[in-house]
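Please look at the sequence and the fold below before reading on.

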Amino acid sequence: MAAKFAQGLIILVITASMFAVCMANKDWSSGFNYSDGWSRFGNQCKNKTQAQSKQILVGGSEHWHFGFNYTDWAFKNGPFYINDTLVFKYDAPNATTFPHSVYMFQNFWSFLNCDLKRAKMLANPTQGGGEGFKFVLKKWQPHYFACGERNGFHCNNGTMRFAVMPMLRPFWPWP
């Protein structure tokens, strides 16, 4: 019984937080037209929030390659928000480069151990070229990413992996 109450309380807090974000994004200068109902409000709120989402190039100008510390990069480039898009750019495999891929782990323990059997391949070695592989952070949960090539060597050496926890966008003006 207590577990169900706690679960309901969490859902209520999350719902209230999301409503507060939408209310803060409402363009009050145009007034609120009650005859349009909540569908107009909901669409306007959604559009304002999506307009704030960003495309973030993983690794910045370094892109996705072996030998770069992506945990440090994620720490320095956070926070990340729900609906932001991570862009993984890497060269297609050739005679002078190692292939890369993008895997996502289900949990922290699999990520910590680079357990590729419990990971899902999001992008193969050819999908990082051109505009790169894009992943939208849609859920409010930790996301664990790594390169799975060379039987996990790129992940196991500790540099080609990182975790992000997307946050809800602040509903106050952010400097």
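Which residues does Thr 159 touch, not counting residues up to four places away in sequence? Thr 159 touches Gly 67, Phe 68, Asn 69, Tyr 70 and His 154, where contact means heavy atoms within 4.5 Å. Thr 159 sits in the loop between helix H5 (153–156) and strand E7 (161–164), and with a relative accessible area of 15% it is buried. Here buried means under 20% relative accessible area, exposed means over 50%, and partly exposed lies in between, with a 1.4 Å probe and protein chains only.

This is a predicted model, in which local features need pLDDT of at least 70 and side-chain atom pairs count only at pLDDT 80 or more, while totals for chains, interfaces and linings use all residues. Residues are numbered from 1 along each chain as its sequence is written, and side-chain values use heavy atoms, with hydrogens and water left out.

**The whole chain**

The protein has 5 helices and 7 strands, both taken as DSSP runs numbered from the N terminus (helices are H or I with at least four residues, strands are E with at least two). Starting at the N terminus, their order is α-α-β-α-β-β-α-β-β-β-α-β. Of its 175 residues, 34% count as buried, and among contacts with a separation of 6 or more, 66% are between residues 24 or more positions apart.

**The nonpolar cores**

In soluble globular proteins, nonpolar side chains tend to be buried together. A nonpolar core is defined as a set of buried Ala, Val, Leu, Ile, Met, Phe, Trp, Tyr and Cys residues joined through side-chain atoms within 4.5 Å. The largest such core in this model has 22 residues, and those with the most contacts inside it are Trp 64, Leu 86, Phe 88, Val 102, Phe 145 and Phe 162. Several elements give two or more residues to this core, including strand E2 (85–88), strand E3 (102–105) and E7, but helix H3 gives the most, with 3 residues. Apart from this core lies another, of 8 residues, among them Ala 119, Tyr 144, Ala 146 and Cys 155.

**Helix H3**

Within H3, Tyr 70, Trp 73 and Ala 74 are buried. Seen down the helix axis, the buried residues of H3 fall within an arc of 95 degrees, so they line one face of the helix; the arc is that of the directions from the helix axis to the C-beta atoms. On the other side of H3, Phe 75 and Lys 76 are exposed, while the cover over its buried residues includes strand E1 (55–57) and E7.

**The cysteines**

A disulfide is counted when a pair of cysteine sulfur atoms lies within 2.5 Å, and by this rule the count comes to 1. The table sets out two cysteine pairs with their sulfur distances.

| Pair | S to S distance | Disulfide |
|---|---|---|
| Cys 114 and Cys 155 | 2.0 Å | joined |
| Cys 147 and Cys 155 | 8.4 Å | Cys 147 is in none |

Cys 114 lies in the loop between helix H4 (108–113) and E4, and Cys 155 lies in helix H5, so the pair ties together parts that are 41 residues apart in sequence. The link of Cys 114 and Cys 155 is left-handed, with -80 degrees about the S-S bond, and both of these cysteines are buried. Cys 147 also counts as buried, at 0% relative accessibility.
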